[in-house]
Amino acid sequence: MDKSLHTVMLDPAKCKGCVSCMKRCPTEAIRVRNGKATVLYERCIGCAECVRVCPHQAKLPAYDSFDIINNYKYKIALPAPSLYGQFQNLDSIDRVLNGLLMIGFDDVFEVSSAAELITEATKKIIEEGKIKKPIISSACPAVVELIIMGYHGLKDHIIDTLAPVDVAARLARERAIKNGIPEEDIGVFFISPCPAKVFALKTGMGLKKPCVDGVLSTSEVYLKLTAVMDKITELKPMAKSGASGVYWASSSGEAIGTGLTRYLAADGMENVVTVLKDMENGKLNYIDFVELNACTSGCVGGVLNIENPFVARARLRLLRQKLPKAENSIESEGKPLDFYRWEEVPETKDVFRLDENRLLALQKLDEIEKLLATLPLIDCGSCGAPSCKAFAEDVVNGVVDKNGCVRKNENN
Amino acid sequence: MNSLHLEFDVAGNNFVSAGSASNEVKSTLKKLGTDPAVIRRVAVAMYEGEINMVIHAGGGRALVDIFEDRIKIVLADKGPGIADIELAMQEGYSTAPDAIREQGFGAGMGLPNMKRYSDEFDIQSKVNEGTTVTLSVYF
């Protein structure tokens, strides 16, 4: 995997080697080695729980520097709806969109507009009846990554719709070309609430090739916007999405948009995991649509935001009250349903398998259980693994020495 | 020789922890690279069995053996036992109290689902002594 595509990076000078991030990681992708946290990137789903929880700000989410927009002559901004929730007393979404033109962009295409199209596509795909119920939203890339790594049996439940930002990117680029801009001059940039989106867009999840040219952080763009927004005296009308699209920034907004009554919406990594396990156990068979967001409260909870998720969510609710229900439709856009669907299905990843050979894997499991019986089972993390079980796995996989347990003899 | 033995306590009347044994088994099967369809059958069958022990038997034990070709699960409890096993195996038949049905459990699909999702299924029960379900799913 390309090293530049990492979702989180470590500032070794700031990392104290504490176990906070390691204990929090939902895929056990972190180990503390030589006093510093290290990420097993093949297991990283980009949820950024480690960034959120690090007490020393040593975990850095990956995103592009704002300056990369200058690599293109014609710069298009794709603001996520969560961006609108970052500003206090925002009178109109137009103020943010006008502001984007002032800080260097030539055009703006709201991701919430594309979200309304995806909502409609979702309804049509559910009506087709080809995807197994309960149908899982594909909007949160960290959730999709988690499923293709750890919940292979649920992969066929994921709806094959593109993320709204992918559709926004394509439509925005088309619009620019139609307006006579040479294709090579066009740069399309997502203003992202989270590093999982950075990873998904750079690798082109569901796409044959990525469709954005850069992914910027909400917080960096926020600082530039606040410097200009108040100075705008005349707002040019630009906003083209209704309440339904803006609602995607908050947990349950996407599900409510489908109009389905048998839906379930869960947010926050631990809750997402609980729901996935329940689905595996066949507990949610009466549900039609499952919306899962890795971040608390949905995309407003992303680590690249400024405001806490609850405040942003409340502000977005107030903004939505001023908006019409929805402003975009597949019919008026004139694209076939396939335009809104994955070009290729993300492949499952076998990161938790102990061995390609099932008998050897079984043997390893047996060794792990035997070693585990000698360990204190307190999951203290002092050895550098998130749990005694993870430590035992690392030992059996030959990664660490079996004498690495520092609290082995305490209670004997 | 290649086999793995796991044991779990299933606490009675604890709906919060119900499912933890089957979740553990699922995670183990994933480490073996087991076919997702097999994992799903094991998950549903074992989860139903766990819930049965939680609702009806005040808990019990789950003994799991993973062999080269199959997984065998024994769910043993010292609960009230089942007077008429044939009746209990019928879809929709349930003795779960209303309070439990209101929580979404006790639809009378537990034992029938366990049988449907396993390749081998056996149930032994004695009133006032307990119930033991043994099921196997082949890889």
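Which residues of helix α3 (residues 93-102) of chain A are buried? In this predicted model, the buried residues of that helix are A:I93, A:V96, A:L97, A:N98, A:G99 and A:L100.

**Helix α3 of chain A**
- After α3(A) comes A:G104, a residue whose phi is positive, near 130°.

**Chain A as a whole**
- Chain A holds 15 helices and eleven strands, and its radius of gyration is 23 Å, close to the 22 Å that the globule rule gives for 412 residues, so chain A is as compact as a globular protein of that length.
- Taken along the principal axes, the box filled by the C-alpha atoms of chain A is roughly 75 × 50 × 40 Å.
- Buried residues make up 48% of the 412 residues of chain A, and, among contacts between residues at least 6 apart in sequence, 77% join residues at least 24 apart.

**Domains of chain A**
- Chain A is divided into domain 1 (1-62), domain 2 (66-340) and domain 3 (356-412).
- The centres of domain 1 and domain 3 of chain A, taken over C-alpha atoms, are separated by 21 Å, and the contact between these domains takes nine residues from domain 1 and five residues from domain 3.
- On the side of domain 1 of chain A that touches domain 3 of chain A, the elements that give two or more residues are α1 (20-24) and β2 of chain A, and β2(A) gives the most, with four residues.
- By class, that side of domain 1 has five nonpolar residues, no polar residues and four charged residues.

- Strand β2 (residues 30-33) of chain A, which gives residues to the contact with domain 3 of chain A, is joined to β3(A) by four bridges, and the two strands run antiparallel.
- Within this pairing, A:I30 stands opposite A:V39 in β3(A), while A:V39 also belongs, together with A:A37, to the covered face of strand β3 (residues 36-39) of chain A.
- The uncovered face of β3(A) is made of A:K36 and A:T38.
- Two residues lie between the strands of this hairpin, in which A:N34 takes a positive phi near 50°.

**Contact between chain A and chain B**
- The contact takes 19 residues from chain A and 20 residues from chain B.
- On the side of chain A that touches chain B, the elements that give two or more residues are α11 (269-280) and α14 (358-372) of chain A, and α14(A) gives the most, with eight residues.
- By class, this side of chain A has six nonpolar, six polar and seven charged residues.

**A sheet in chain B**
- Five strands of chain B form an open sheet in the order β1-β2-β3-β5-β4, with antiparallel pairing.
- The edge strands, each of which pairs on one side only, are β1 (4-11) and β4 (120-126) of chain B, and neighbouring strands of the sheet are turned by 10° against each other on average, direction ignored.
- Eight bridges connect β1(B) with strand β2 (residues 59-66) of chain B in the antiparallel sense, and B:F8 stands opposite B:A62 in β2(B).

Notes
Residues numbered from 1 in each chain as written. Chains lettered and ligands numbered in written order. Predicted model: local features only at pLDDT ≥ 70, side-chain atom pairs only at ≥ 80, totals over all residues. Contact = placed C-beta atoms within 7 Å. Nonpolar A, V, L, I, M, F, W, Y, C, P; charged D, E, K, R; others polar. Buried ≥ 20, exposed ≤ 12 C-beta atoms within 10 Å, placed from the backbone. Pairing = 2+ DSSP bridges. Axes fitted to C-alpha atoms, helices over the stretch in contact; angles between N-to-C directions. Rg over C-alpha atoms; globule rule 2.2 N^0.38 Å. Domains from an automatic or database assignment.
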